[in-house]
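Trainee: I have the model open and some time to go through it. Can we take it piece by piece?
Mentor: Go ahead; have a look at it first.

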Amino acid sequence: MQVTIADVLRARMLLKRYLPPTPMWSYPVLDEVAGARLRVKHENVQPTGAFKVRGGLTLLAGMPADERERGVVTWSTGNHAQSIAYAAQLFGVRCVVVMPEHASEVKVRAVLGYGATVALHGADLTEAREYGGKLADAEGMRPVSPAGDMALLAGVGTAYLEVFSAAPDLDLLVVPVGSGTGAAAACVVAAALAPGCRIVGVQSAASPAGYESWRAGTCLSRPNRTMVDGLATGEGYPLPQSVMRTGLSDFLLVTDEQIDDARRVLAIYAHTLAEGAGAAALAAVLTHPQQFAGRRVGVMCTGGNASAAEIAALAPAGIG
Ligand SMILES: *Cc1c(COP(=O)(O)O)cnc(C)c1O
């Protein structure tokens with residue numbers, strides 16, 4: 001099973017009525033700091049604050065009427081939950097989101113704000129996922145896995161249609177990797193529309209399962225200790241890994257501290273509030289200057305849902 005450029009183009013048709021394209025800007029002082037010619041893709045301005053809403057809307061828009069009737073169940077600690085809840089509300093579909101018991105208050109509120117039901121269950125996402133599966137069975141609702149769904153991959157791929165239409169001549173495009181759905185979509189779109197552009201994945205060194213799975217060519221589990229929400233995964237996922245295996249030209253690791261530095265740089269030189277995952281791509285550029293020097297580089301700012309603690313952490317330290 002493979003997602004093709006035709007699936008992404010179909011998703012764009014579905015999404016057109018619901019989401020305008022997001023901007024892609026360059027910032028001269030940011031280019032000076034990075035020593036490269038950057039174009040920042042601003043998915044932080046999506047209505048839910050992250051690119052994932054493209055996937056949620058595509059999934060719900062394409063769901064048959066009888067499935068919509070029965071509702072959806074998903075599990076997530078963050079942006080995926082908001083994406084599905086937002087889309088379910090738009091299409092009038094009942095939605096239950098299972099979140100781990102310690103889930104952040106702000107995120108629970110955001111999901112409730114979109115009219116979804118929140119079930120707090122389990123110590124972590126694995127337990128929440130088990131419970132979500134059981135709930136889906138018991139209630140006859142459609143389970144929506146954050147990483148395994150072709151519609152999600154096709155939907156998030158529409159961001160890359162916009163990237164290559166705004167910047168057709170990129171040498172490199174840097175994409176943060178959690179499950180790898182977004183990066184896999186970037187690979188599919190680049191192969192069709194910008195074969196000369198190299199796609200580079202980025203992960204936190206504190207949660208390197210996707211990176212190590214890619215290096216090994218097989219899905220692995222690894223410790224999951226990053227503080228960066230969208231990047232906090234402990235395993236490689238088969239569907240996105242199968243696409244990234246040939247589609248990514250490189251995969252870089254950055255530390256959580258380097259991600260924080262990149263958030264400060266974005267705040268000061270690109271007047272952009274990014275969450276950690278939204279600054280990881282820039283962090284990779286800033287910490288591997290020799291790979292990007294003088295090149296035209298697309299930088300995915302995937303999300304802006306910074307927690308109160310992340311916003312407070314912007315203030316003290318010096319900047320690059
Ligand atoms: C989910 C997420 C990511 C990682 O995306 P995947 O498709 O899971 O690899 C990156 N940034 C943000 C803001 C996210 O919400």
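Mentor: One cut-off to begin with: a residue is called buried when its relative accessible area is under 20%. Keep in mind that this is a predicted model.

Trainee: Fine. Is Cys197 buried or exposed, then?
Mentor: Cys197 has a relative accessible area of 8%, so it is buried.

Trainee: Where is Cys197 found?
Mentor: In the loop between α9 and β8, the latter covering 198-204.

Trainee: And what is Cys197 in contact with, beyond its sequence neighbours?
Mentor: Leaving aside neighbours within four places in sequence, Cys197 is in contact with Phe164, Leu170, Asp171, Leu172 and Leu173.

Trainee: How far apart in space are Cys197 and Cys187?
Mentor: Their C-alpha atoms are 9.6 Å apart, and the two residues are 10 apart in sequence.

Trainee: Next, the core. How many residues has the largest nonpolar core?
Mentor: It has 37 residues. Tyr160, Val163, Phe164, Leu170, Leu173, Val175 and Ile199 have the most contacts inside it.

Trainee: Which elements give two or more residues to this core?
Mentor: The helices are α1 (5-15), α8 (150-166), α9 (181-193), α10 (209-216) and α11 (238-247), and the strands are β7 (172-176) and β9 (248-254).

Trainee: Now the ligand. Which residues come nearest?
Mentor: There are 15 residues around the ligand, and Lys52, Asn79, Gly178, Gly180 and Thr302 come nearest.

Trainee: How do the residues of the shell divide into nonpolar, polar and charged?
Mentor: The shell has 4 nonpolar, 9 polar and 2 charged residues.

Trainee: What about individual polar atoms?
Mentor: Asn79 has a polar side-chain atom 2.7 Å from an oxygen atom of the ligand. For Thr302, a polar side-chain atom lies 2.6 Å from a ligand nitrogen atom. Thr181 comes in through its backbone, with an N or O atom 3.3 Å from an oxygen atom of the ligand.

Trainee: How much of the ligand does the protein bury?
Mentor: The protein buries 95% of the 390 Å² that the ligand exposes when taken alone.

Trainee: Stay with Thr302. Where is the place of Thr302?
Mentor: Thr302 sits in the loop between β10 (296-301) and α15 (308-312).

Trainee: Why does Thr302 count as buried?
Mentor: Because its relative accessibility is 7%.

Trainee: And what is around it?
Mentor: Beyond neighbours within four places in sequence, Thr302 is in contact with Glu43, Asn44, Gly49, Ala50, Phe51, Pro176, Ala277 and Gly278. With Ala277, the backbone oxygen lies 3.3 Å from a polar atom of the Thr302 side chain.

Trainee: Changing topic: His271. What is Phi of His271?
Mentor: Phi is near 30 degrees, a positive value in a residue other than glycine. Most residues other than glycine have a negative phi.

Trainee: Is His271 buried or exposed?
Mentor: His271 has a relative accessible area of 65%, so it is exposed. His271 lies in the loop between α12 (256-269) and α13 (276-287).

Trainee: What about Thr272?
Mentor: Thr272 also lies in the loop between α12 and α13. Thr272 is buried because its relative accessible area is 5%. Leaving out residues up to four places away in sequence, Thr272 touches Tyr27, His42, Asn44, Leu266, Ala267 and Cys301.

Trainee: Last one, Trp75. Where is the place of Trp75?
Mentor: Trp75 is in strand β3, residues 72-75. With a relative accessible area of 7%, Trp75 is buried.

Trainee: What does Trp75 touch?
Mentor: Not counting residues up to four places away in sequence, Trp75 touches a list including His80, Val98, Leu125, Arg129, Pro143 and Pro146.

Technical notes:
Residues numbered from 1 in each chain as written. Predicted model: local features only at pLDDT ≥ 70, side-chain atom pairs only at ≥ 80, totals over all residues. Heavy atoms only, no water. Core = buried A, V, L, I, M, F, W, Y, C linked by side-chain atoms within 4.5 Å. Buried < 20%, exposed > 50% of the residue type's maximum accessible area, 1.4 Å probe, protein only. Helix = DSSP H or I, 4+ residues; strand = E, 2+ residues; numbered from the N terminus. Near = heavy atom within 4 Å. Polar contact = N/O pair within 3.5 Å; in protein donor to acceptor, adjacent residues only side chain to side chain. Areas by Shrake-Rupley, 256 points an atom, 1.4 Å probe, with all protein chains shown as cover. Nonpolar A, V, L, I, M, F, W, Y, C, P; charged D, E, K, R; others polar. Contact = heavy atoms within 4.5 Å.
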